Amino acid sequence: MMETLIVGLGERSYPIHIGSGLFEQAELLRAHIPRGRVVIVSNTTIAPLYLEKFQRALRSIDISSESVILPDGEQYKNSSTLNHIYDALLQNRCERTTPLIALGGGVVGDMTGYAAATYLRGVPFIQIPTTLLAQVDSSVGGKTGINHPLGKNMIGAFYQPKLVLADTDVLNTLPDKELSAGVAEVIKYGLIRDLSFLEWLESNIEKLLLRDAATLQYAITCSCQNKAQVVMADERESGQRALLNMGHTFGHAIESGMGYGNWLHGEGVAAGTVMAADLSQRLGWIGTHDVLRIRKLFERARLPTVAPDLGTSKYLELMGLDKKVEGGKMRFVLLKAIGKAVVAGDVPPELLQETLQACVYG
Ligand SMILES: NC(=O)c1ccc[n+]([C@@H]2O[C@H](COP(=O)([O-])OP(=O)(O)OC[C@H]3O[C@@H](n4cnc5c(N)ncnc54)[C@H](O)[C@@H]3O)[C@@H](O)[C@H]2O)c1
Ligand SMILES: [Zn+2]
């Protein structure tokens, strides 16, 4: 059984199909490939697993495809790899009607989306996300881009896909650590705006980690529904889209402080969300039992809940708060209750210091 959600953005609306075995149902794509030709962008890990199978499915409905295979890794999410995509598109004389299909995780999806946004000032774009993180987060919402040596995701565009196809079967080859990292974002949706989803996760987290297809499908559907609702209300992040960054200010500091690649993004988000919960508790908004409840769920998802001890001043520096602590205002996404996040603009610096000391090892 396939679930279909619509991200309603006027003429830029698009469907997200979620289910098992979708990958081979190429007819779902047909309406978006008017000239019978596509370019698939993937990477050296995913292509050997899925490219041929996917191309065979396309051939069965008379769609021809070229492929561009990128090196695997966040360190390649840059302008020289992007150029490699443009080279292939130009060499193959791709036209404005030729869709680009991203077959991969968030790195492939973000880069392919940006290539699609910019090649010939925009060509159609289809997402086939292959990590849980990409299925519940990066493939939905239209943020595309690459990294710059001076900052992550600093070059990019808002560019919505025509369609997202999330096949739960492809998650069977995903490493356990990557699966858990995706679960961190799934838990995030429950925490920020969906208490009943969070309660469902508390009852089903082990089944989810065992990759039970129906459980995955439900978790991905609920996550995408939550993300789509937020994006529909605030496509360009002028307001509530910021709530999706719960745990991310701390998480990014952990990721970059430990050296990119040592902590996965979702791992940083898990420990960072516990820190945000701790800070919410210090503000008196939630109780210590709520913080424990959150920790417990991340632990069951095999995610870290204690941050590395980088030192308070290093954390403040990495979060860009070193000067704000002395006077400026700090903004955090915090919890008013489990299932209800808010942007807090007035966090007392001493409470932040306490959180930074309480939530680290040692
Ligand atoms: N656009 C957005 O809104 C948004 C949101 C969140 C994250 N992101 C971006 O997403 C990226 C992270 O994405 P990610 O977590 O998917 O990482 P990723 O794309 O690097 O994939 C993780 C690893 O899993 C491998 N892999 C992917 N699918 C596989 C499969 N089915 N089987 C086996 N291995 C597989 C990949 O090759 C890679 O080695 C970051 O660059 C981040 O900035 C973007
Ligand atoms: Zn994230």
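Okay, let's start with a term: a residue is buried when its relative accessible area is under 20%, exposed when that is over 50%, and partly exposed in between, using a 1.4 Å probe and protein chains only. By that rule Ser-223, at 0% relative accessibility, counts as buried.

Quick housekeeping. This is a predicted model, so local features need pLDDT of at least 70 and side-chain atom pairs count only at pLDDT 80 or more, while totals for chains, interfaces and linings use all residues. Residues are numbered from 1 along each chain as its sequence is written, chains are lettered from A and ligands numbered from 1 in the order written, and side-chain values use heavy atoms, with hydrogens and water left out.

Back to Ser-223. You'll find Ser-223 in helix 7, residues 213-233; helices here are DSSP runs of H or I with at least four residues, strands are E runs of at least two, and both are numbered from the N terminus. Leaving out residues up to four places away in sequence, Ser-223 touches Val-136, Val-186, Tyr-189 and Phe-197, where contact means heavy atoms within 4.5 Å.

Now over to Thr-168, in the loop between strand 9 (163-167) and helix 5 (176-193). Thr-168 has 1% relative accessibility, so it counts as buried too.

Next, the ligand. Ligand 1 has 26 residues around it, the closest being Glu-74, Lys-77, Thr-130, Thr-131 and Thr-173; a residue is in if one of its heavy atoms lies within 4 Å. On the Glu-74 side chain, an N or O atom is 2.6 Å from an oxygen of ligand 1.

Last stop, helix 12, residues 349-358, where Leu-351, Leu-352, Thr-355 and Leu-356 are buried. Why do they share a side of helix 12? Because they cover an arc of only 140 degrees around the axis, taken from the directions from the helix axis to the C-beta atoms.

Notes
A polar contact is a pair of N or O atoms within 3.5 Å; within protein, one must be able to donate a hydrogen and the other to accept it, and residues adjacent in sequence count only if both atoms are side-chain atoms.
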